[in-house]
Amino acid sequence: MANSSVPMTALLEEVSRLHFPNPPATEAQIEAFEQRVGWRLDPDLRAFYLHCDGADLFDRIDPAFSFYPLAKVRRARVVLLKNDTDKAGPASWYAVCEVQDTNYIFLDVSQQAGGRYPIRDGYREAFPDPAYNRQIADSFSGFLEGALNSNESWFWLRGEE
């Protein structure tokens, strides 16, 4: 399972140097977001959004990974099924990134390890089955490190358990 061995500051410097970050979110935007969703950003996410309010990796037009700005972060069940009921999937999974193959990366705010939320594979065809939408990283920084090192391939995670 992906877990970052690189400091978040170094990952964010790489996003700025080699990719396509949006301007940073303000503290007021973060506070408004946290009020809207009812949970607080963990340290990785707070650092990311204070550095850039979303980013596209590798290509501005057809990015391999498109990290959402705060205004676009929604429950996964709303993004995928346009339905915000428990029948449509867990209320605690939030879509935070779209990947090139029309799948997503989900943040699971129902749990934390080391003060960070785990990341799940947002496999569209099997949503919301947790066997297919499995945890793929212990933290946002762990996922971001993998994405930055992926050479534009979403499938670097396949086969990892």
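**Exercise 1. Which helices and strands are included in what covers the buried residues of helix 3?**

Solution. The structure is a predicted model.

Step 1. Locate the helix: helix 3 spans residues 43-51, and its buried residues are Asp44, Leu45, Arg46, Phe48 and Tyr49.

Step 2. List the cover. Among the helices, it includes helix 1 (8-18), helix 2 (27-37) and helix 5 (140-148). Among the strands, it includes strand 2 (55-57), strand 3 (65-67) and strand 6 (104-108).

Step 3. Look at the start of helix 3. There, a side-chain oxygen of Asp42 comes within 3.1 Å of the backbone nitrogen of Asp44. Asp44 is itself one of the buried residues of this helix.

**Exercise 2. Decide whether Arg77 is buried or exposed, and describe its surroundings.**

Solution. 

Step 1. Apply the cut-off. A residue is buried when its relative accessible area is under 20%. Arg77 has 4%, so it is buried.

Step 2. The Arg77 side chain reaches the backbone oxygen of Thr85 at 3.2 Å.

Step 3. List the neighbours. Leaving out residues up to four places away in sequence, Arg77 touches Lys82, Asn83, Asp84, Thr85, Asp86, Ala88, Gly89, Pro90, Ala91 and Phe127.

**Exercise 3. Describe the position of Ser139 and give its distance from Leu45 in sequence and in space.**

Solution. 

Step 1. Ser139 sits in the loop between strand 8 (135-137) and helix 5.

Step 2. Its relative accessibility is 3%, so Ser139 counts as buried.

Step 3. A polar atom of the Ser139 side chain lies 3.0 Å from the backbone nitrogen of Gly142.

Step 4. Ser139 and Leu45 are separated by 94 residues in sequence, while their C-alpha atoms are 9.1 Å apart. Leu45 is among the buried residues of helix 3, and helix 5 is part of the cover over those residues.

**Exercise 4. Compare the radius of gyration of the protein with that of a compact globule, then describe the whole fold.**

Solution. 

Step 1. For 161 residues, a compact globule would have a radius of gyration near 15 Å; the protein has 14 Å, so the two agree.

Step 2. Buried residues make up 48% of the 161 residues.

Step 3. Of the contacts with a separation of 6 or more, 53% are between residues 24 or more positions apart.

Step 4. The protein contains five helices and eight strands. Their order along the sequence is α-β-α-α-β-β-β-α-β-β-β-β-α.

Methods
Residues numbered from 1 in each chain as written. Predicted model: local features only at pLDDT ≥ 70, side-chain atom pairs only at ≥ 80, totals over all residues. Heavy atoms only, no water. Helix = DSSP H or I, 4+ residues; strand = E, 2+ residues; numbered from the N terminus. Rg over C-alpha atoms; globule rule 2.2 N^0.38 Å. Buried < 20%, exposed > 50% of the residue type's maximum accessible area, 1.4 Å probe, protein only. Contact = heavy atoms within 4.5 Å. Polar contact = N/O pair within 3.5 Å; in protein donor to acceptor, adjacent residues only side chain to side chain.
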